[in-house]
There are 2 protein chains.
Amino acid sequence: MDEKITSRENAKIKYACRLASSTAFRRTEGRFLAEGRKLCPELCRGAELETLFYTENALEKCPELAALPGEHYLVEDHVADKLADVGTHQGVFGVFRTPVHTLEEVRPGGRYLALERVQDPGNVGTLLRSAAAFGFDGVILSEGCASVYAPKTLRASMGAAVRIPVIETGAMPQAIALLREKGITCLAAALYQSQPLSAAKAGYPGGVCVVIGSEGQGLTDQTIAACNSTVRIPMTDRVESLNAGIAGSILLWHFREESL
Amino acid sequence: MDEKITSRENAKIKYACRLASSTAFRRTEGRFLAEGRKLCPELCRGAELETLFYTENALEKCPELAALPGEHYLVEDHVADKLADVGTHQGVFGVFRTPVHTLEEVRPGGRYLALERVQDPGNVGTLLRSAAAFGFDGVILSEGCASVYAPKTLRASMGAAVRIPVIETGAMPQAIALLREKGITCLAAALYQSQPLSAAKAGYPGGVCVVIGSEGQGLTDQTIAACNSTVRIPMTDRVESLNAGIAGSILLWHFREESL
């Protein structure tokens with residue numbers, strides 16, 4: 001029989017809430033909180049589950065939760081409400097160890113996505129999911145990107161955050177320089193002075209990295225200058241722009257794993 | 001000097017609110033309500049603006065609103081709050097005539113997107129925007145789709161709703177049959193017994209229609225059977241699925257206007 005948490009002031013609950021709300025706390029603790037009956041088991045496939053909280057109702061609907069690893073706690077509904085980042089939730093919450101990856105793991109011949117200051121959690125999550133879907137080897141995030149392990153990003157990525165190596169780094173131009181030293185061709189997504197995607201070859205035996213900038217400003221001039229060349233998605237003049245998640249996913253599709 | 005509306009019970013305000021909240025009312029009236037300092041002028045490029053409401057503050061920030069056609073009314077902030085579908089708004093609202101298009105306008109050799117029971121307004125809006133971006137000639141929506149002229153869809157489409165002909169129809173299989181009579185190849189997006197997109201040719205001189213189903217269930221069996229063949233986006237096994245807006249946009253990119 002699992003221990004039951006009845007107080008919103010329980011130390012484990014307060015710790016979990018702080019993981020959900022603070023990027024800095026997630027980073028120093030090396031842990032994150034995820035919510036979802038489907039998302040938590042999904043995340044177990046790529047990250048270590050330390051603590052699982054669920055309501056009685058959630059366990060009834062989903063008895064297989066009991067088979068997941070880690071310490072388990074039943075929580076009362078009002079405690080679950082406190083853990084939830086959004087109004088509606090499914091009564092299942094997990095504290096996971098954050099997988100850590102570094103730029104040193106980047107390998108020649110690989111396929112990478114780099115995001116510079118992409119601030120919308122939905123876009124970051126969507127792009128992680130598309131990168132995993134199309135066989136990319138890793139995602140590099142500059143400072144200023146939405147946190148990969150924030151509740152909204154985790155929901156949008158549907159667990160892809162732990163199915164593809166995520167590398168959090170500082171300034172993007174330095175990261176690009178390091179990739180280029182490894183022989184990886186870095187392509188900046190930019191509207192001006194760029195070649196249309198339809199003219200860009202898809203295969204780069206030495207490796208390729210697609211570099212995407214923020215929703216409002218796009219890439220910084222320094223990052224564009226650090227890349228080998230630029231590429232854009234050609235469009236009719238009937239729209240001004242595409243959503244960043246959409247544009248990025250089309251680029252990822254173009255540069256997908258050859259077997260797909 | 002524009003007339004000023006100070007009451008939330010003003011008949012024009014109540015009429016506009018009803019347009020925002022009721023699909024049936026929009027349909028019988030042949031009008032819709034849009035919100036946004038950028039969206040309203042954008043929609044003027046493709047739809048007739050009948051009435052424009054703005055707050056003093058919005059007019060100060062955006063004096064060019066005064067040059068838009070139609071009847072103009074200043075509204076007090078609390079009246080604007082009533083017109084707004086979401087908590088935050090920019091104080092600019094327009095009542096537009098809904099452009100009406102029918103299946104009879106579908107032309108041999110054209111490029112079409114057909115949506116069957118796509119229920120998420122964000123996905124419908126995103127797909128309209130991508131279809132306009134990639135040179136499609138029209139979008140066909142079955143019964144059960146999110147309303148194109150609902151506030152959320154209009155926001156997601158960023159005005160594309162009036163830059164590409166939108167045809168609202170009933171059951172999808174009948175619409176597909178009509179397109180095929182015109183020599184248009186209809187391709188159903190489906191996961192099973194389908195050919196990968198990478199193997200699908202992009203050019204169809206007789207015309208092509210990409211058919212996409214609902215987020216949860218996909219296309220109905222009847223619609224798949226009515227199409228010429230099926231196509232899917234190949235993916236690694238690291239994700240279960242792609243977001244419907246993303247998957248659809250990749251298909252639209254693949255079948256884009258030749259000049260792009």
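Over residues 33–102 of chain A, the chain is 27% helix and 29% strand, and the end C-alpha atoms lie 22 Å apart. Helices (H or I, at least four residues) and strands (E, at least two) are DSSP runs, numbered from the N terminus. UniProt, in an unreviewed entry, places the feature "domain: RNA 2-O ribose methyltransferase substrate binding" at residues 33–102 of chain A. Such annotations may be inferred rather than shown by experiment.

This is a predicted model, in which local features need pLDDT of at least 70 and side-chain atom pairs count only at pLDDT 80 or more, while totals for chains, interfaces and linings use all residues. Residues are numbered from 1 along each chain as its sequence is written, chains are lettered from A in the order in which they are written, and side-chain values use heavy atoms, with hydrogens and water left out.

### Where the chains meet

In chain B, 36 residues are in contact with 36 residues of chain A; contact means heavy atoms within 4.5 Å. The two chains bury about 2800 Å² between them, 60% of it on carbon and sulfur atoms. Buried area is the accessible area (1.4 Å probe) that two parts lose on being put together, summed over both. In chain B, R129(B), R238(B) and W253(B) lose the most area to chain A, together 25% of what that side buries.

Across the interface, 14 residue pairs are in polar contact, both residues being at pLDDT 80 or more. A polar contact is a pair of N or O atoms within 3.5 Å; within protein, one must be able to donate a hydrogen and the other to accept it, and residues adjacent in sequence count only if both atoms are side-chain atoms. α6(B) gives the most, with 6 residues.

How covered is α10(B)? 11 of its 11 residues are buried, among them W253(B) and H254(B). Buried means under 20% relative accessible area, exposed over 50%, and partly exposed in between (1.4 Å probe, protein chains only). At the start of α10(B), a side-chain oxygen of N243(B) comes within 2.7 Å of the backbone nitrogen of G245(B).

### Salt bridges

The structure holds 26 salt bridges over all chains. A salt bridge is a side-chain nitrogen of Lys or Arg within 4 Å of a carboxyl oxygen of Asp or Glu. Between chain B and chain A the count is 2.

| Pair | Closest N and O atoms |
|---|---|
| K38(A) and E240(B) | 3.3 Å |
| K4(A) and E56(A) | 2.6 Å |
| D137(A) and R107(A) | 3.4 Å |

K4(A) lies in strand β1 (residues 3–5) and E56(A) in helix α4 (residues 56–61) of chain A, so the pair ties together parts 52 residues apart in sequence. K4(A) is partly exposed at 37% relative accessible area. E56(A) is partly exposed too, at 45%.

E258(B) lies in the segment after α10 of chain B and R111(B) in strand β6 (residues 111–115), so this pair ties together parts 147 residues apart in sequence.
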